[in-house]
Amino acid sequence: MATATKAAYSVVALEEIEPGPEHDGRVPRNIRRHFDIRGFGVRANRAVGDGHVIGEHDEAGLGSSGQEELYLVVSGAATFNVNGERIEAPAGTFVFVRDPSVKRSAVAKEEGTTVLAIGGTPGEAYRVSAGEAMNDMWEPYQAGDYETALEKLQPVLEERPEALVFFNVACMETRLGRADDAIRHLEQAIEDDDRIKENIRSDEDLDSIREDPRFEALTA
């Protein structure tokens, strides 16, 4: 079905929305970005094989917005895990997670399982998450093109100087051998939100600077 655009509305088939790069067993389609929706977040994830169609996360942690999330299994079937409870969800099932601190995830039970995710924070204007703002870096990153990934992060950093963005910039700089810049941005990340230390301690992108005394001081 071709896209039809008029003054008051737009129409598009899900298959016509450009897919993002595969990640952790799923391929995302950013519906919010396609339509330039500004009032809420919405995307679809399609499973590759029996991978995670929704990665495990909560909405209370680093870079999160405290939003409520509504999931709809559009096709196939998935097994959700919400706060440790297993939920079998065939096509047509809604799963609503109100509490942002609750861990949630979903694994596809069939090839091509597709889940629609809609989110917004009660009482607040919608704002794109830091994670979504950085989406354009992932394809070059996965291809080992760290220079381009860093270029994609620069406008995000200018607009949103937040811990998670500083951290990802530092990871790319480390991969490119720019230790001084990486250390500086890691310091800024910790200053913004010291919960980022957990990521700094474990992320393999930073392995080449772990013996640097300045790095050791950061994670002390």
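I sorted the lining of the second largest pocket by class: seven nonpolar, seven polar and seven charged residues. Ala, Val, Leu, Ile, Met, Phe, Trp, Tyr, Cys and Pro count as nonpolar, Asp, Glu, Lys and Arg as charged, and the others, Gly among them, as polar. The lining has 21 residues, and Gly63, Ser64, Ser65, Arg127 and Arg160 lie nearest the pocket's centre. A pocket here is an open set of points on a 1 Å grid over the protein atoms alone, where a 1.4 Å probe fits, with protein on both sides within 12 Å along at least five of seven lines; lining residues have an atom within 4 Å of a point.

I noted the provenance: this is a predicted model, with local features needing pLDDT of at least 70, side-chain atom pairs counting only at pLDDT 80 or more, and totals for chains, interfaces and linings using all residues. Residues are numbered from 1 along each chain as its sequence is written, and side-chain values use heavy atoms, without hydrogens and water.

Next, I looked up α4 (residues 146–159) against α5 (residues 163–175). Their angle is about 155°, and the axes are 9 Å apart. The pair is therefore roughly antiparallel (angles over 145 degrees, on a scale from 0 to 180 degrees between N-to-C directions). I listed the contacts (heavy atoms within 4.5 Å): α4 residues including Tyr146, Leu150 and Leu157 meet α5 residues including Val165, Phe166 and Met172. That contact has ten nonpolar, one polar and two charged residues.

Last, I checked α5 against α6 (residues 179–192): about 165°, axes 8 Å apart. That makes α5 roughly antiparallel to α6. Their contact has eight nonpolar, three polar and three charged residues.

Key. Helix = DSSP H or I, 4+ residues; strand = E, 2+ residues; numbered from the N terminus. Parallel < 35°, antiparallel > 145°, perpendicular 65-115°, else oblique.
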